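Subject: Handover of a structure, with notes on what was found in it

Dear colleague,

I am passing on the structure below, and I would be glad if you read the notes with the coordinates open beside them.

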Amino acid sequence: MAASFTSSFASCIFSSILCTPSWRKSFGTSATVAQTCRRLVKIHQQSLGASSRIRSFSCALSASSDLKPAPCTVSSNEPIKYERLLPCPSQNFPPRVEHLVVMREGPVLEYISEALDLPQIYVADLIHFGAVYYALVCPKPPPTATTEQIKLYEEVTAPSVLKKRASVKGKTVREAQKTFRISSAHDIVEAGTYLRVHVHPKRFPRCYEIDWKSRIIAVAESYVVLDKPAGTSVGGTTDNIEESCATFATYALGLATPLLTTHQIDNCSEGCVVLARTKEYCSVFHGKIREKKVKKLYLALTAAPVPTGIMTHYMRPINTAPRIVSEDFVKGWQICKLEVLECKKIPWPKSSIEREYSIEDCGWPSKEFAYECKIDLLTGRTHQIRTQLAACFAPIVGDSMYMPAAIAEMMSPGCNPFGKNRKQYASENDKELAIEEWITQHGKEPSIAVGLQACQISWEDDGEHLYEARSPWWRS
């Protein structure tokens with residue numbers, strides 16, 4: 001049996017979780033990416049039937065129509081049928097995260113299947129995608145937890161219970177509450193273990209439409225440089241490590257060892273990304289980034305002109321989107337610096353190009369001209385370029401997360417708690433409420449692409465390394 005918690009444990013788990021709950025453990029090593037992609041093909045073959053012909057991923061996934069995303073026809077009123085994770089649906093299902101406390105030892109696959117009434121083959125796919133986590137001891141419930149949930153938590157974390165568990169011996173409660181991915185469907189979970197199951201992982205149908213080999217810029221002994229397509233994740237997400245640039249580039253090149261992520265760019269951005277071929281070089285490249293020895297240039301397509309020169313803001317240090325910045329110094333906030341090297345006026349992208357790249361109409365009043373800006377990123381904060389440009393009323397074309405907010409502030413000065421024309425609040429509590437309201441009103445994630453490209457990356461490492469991406473989508 002499993003005990004299910006129906007309130008969100010946002011205080012205990014990743015901030016990206018937005019759902020309803022329920023509670024895991026595992027040991028074992030991850031499969032290689034080559035095995036991973038073979039499994040992806042095998043899963044897809046099984047889901048389509050033996051008569052389907054699936055070509056190898058090696059050269060061009062986009063050439064295989066069998067691997068195209070499947071249309072999603074499930075309505076909000078219709079129950080979801082859980083069969084397999086492939087073929088990939090063309091859109092994401094509503095978030096669903098379940099938190100379970102294991103009450104009886106047994107195989108994790110059978111346990112989750114029974115507790116959540118899911119087919120075992122679907123649970124196996126979730127584990128393979130990295131969508132299932134465990135902790136030896138369940139985290140503390142949030143303030144919204146019911147009396148019954150708190151009682152169960154107290155029962156399974158009582159000192160008299162924990163001291164009988166050999167797996168917890170020598171660990172502090174905090175250490176035992178750390179979460180890790182389940183790596184095998186054959187893992188055994190013991191009583192008292194916490195499980196977190198991302199039943200609807202975030203999907204990336206674009207991965208199956210890309211000719212990945214054509215996106216490789218360079219292959220060196222220690223690294224690979226990829227021209228990342230928009231609408232994809234560099235290294236995967238909390239609940240999906242399979243549909244990522246690292247996985248698909250690894251298989252496109254026929255590598256036996258998985259490529260490793262050295263840095264990130266937003267899912268909706270395109271351009272140069274360096275993937276390490278060894279753990280050693282991954283560590284080396286991380287060091288270069290820390291020492292500011294890696295230079296990144298970006299092209300941004302903005303809806304309004306941007307003055308050249310250095311732009312400085314301060315970003316609220318809270319890991320939720322949309323990010324909030326202020327032109328004025330705020331104690332504890334992170335400094336954001338970029339330099340606009342040039343800004344040139346160009347025609348707004350044609351509607352046919354916008355449709356091809358799913359560029360969203362965010363309501364900008366004038367679409368005759370746009371502005372292509374070359375930017376030197378001096379600090380590397382999440383969403384930094386997008387946030388800073390929007391704060392200057394020059395949001396990036398297609399950026400549904402920040403353009404509507406910029407428009408709202410232009411139409412109603414003072415509505416942004418940290419904008420140019422911000423109001424004075426009677427108390428800090430009033431200010432916090434205004435911030436939360438602002439975040440709630442904005443922050444829609446772009447569907448595929450925005451006007452942002454990491455056009456060039458360079459660093460020194462036994463000589464200078466400089467790589468450039470292809471022309472951005474708006475020039476096509």
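This is a predicted model: local features need pLDDT of at least 70, side-chain atom pairs count only at pLDDT 80 or more; totals for chains, interfaces and linings use all residues.

Residues are numbered from 1 along each chain as its sequence is written, and side-chain values use heavy atoms, with hydrogens and water left out.

Helices (H or I, at least four residues) and strands (E, at least two) are DSSP runs, numbered from the N terminus. Burial is expressed as relative accessible area, with buried meaning under 20%, exposed over 50% and partly exposed in between, for a 1.4 Å probe and protein chains only. On that scale strand β2, which spans residues 97–102, is mostly covered, since 6 of its 6 residues are buried. V97, H99 and V101 point one way from β2, whereas E98, L100 and V102 point the other way, and all are buried. Strands β2 and β7 run antiparallel and are joined by 5 bridges, where strands are taken to pair if DSSP finds at least two bridges between them. Within this pairing, V97 stands opposite H198 in β7.

Strand β7 covers residues 194–198 and includes R196. The side chains of R196 and H198 are joined by a polar contact of 3.0 Å; a polar contact is a pair of N or O atoms within 3.5 Å, where within protein one must be able to donate a hydrogen and the other to accept it, and residues adjacent in sequence count only if both atoms are side-chain atoms.

Helices

In helix α2 (residues 108–116), the buried residues are V108, L109, Y111, I112, S113 and L116, and just after α2, D117 takes a positive phi of about 55 degrees. In α3, the buried residues are Y122, V123, D125, L126, I127 and H128, and just after α3, G130 takes a positive phi of about 80 degrees.

In helix α4 (residues 147–156), Q149, L152, Y153 and V156 are buried. They cover an arc of only 100 degrees around the axis, which puts them on the same side of α4; the arc is that of the directions from the helix axis to the C-beta atoms. The exposed residues T147 and K151 are carried on the face of α4 turned away from its buried side.

Salt bridges

A salt bridge is counted when a side-chain nitrogen of Lys or Arg lies within 4 Å of a carboxyl oxygen of Asp or Glu, and by this rule the count comes to 18. One of them is between R84 and D125, whose closest N and O atoms are 2.8 Å apart. R84 lies in the loop between α1 (33–48) and β2, and D125 in helix α3 (residues 120–128), so the pair ties together parts that are 41 residues apart in sequence. Both R84 and D125 are buried.

A salt bridge of 3.4 Å, N to O, brings together the side chains of D227 and R215. D227 lies in strand β9 (residues 223–228) and R215 in the loop between β7 and β8 (216–219), so this pair ties together parts that are 12 residues apart in sequence. D227 is buried at 2% relative accessibility, and R215 is buried at 11%.

The side chains of E360 and K444 also meet in a salt bridge, at 2.7 Å, N to O. K444 is partly exposed, with a relative accessible area of 48%. Salt bridges that share partners join R215, D227 and R470 into one network.

Cysteines

With a disulfide defined as a pair of cysteine sulfur atoms within 2.5 Å, the count comes to 0 disulfides. The sulfur of C272 is 7.3 Å from the closest cysteine sulfur, in C455, which is too far for a bond. C272 is buried at 2% relative accessibility, and C268 is buried at 6%.

With best regards
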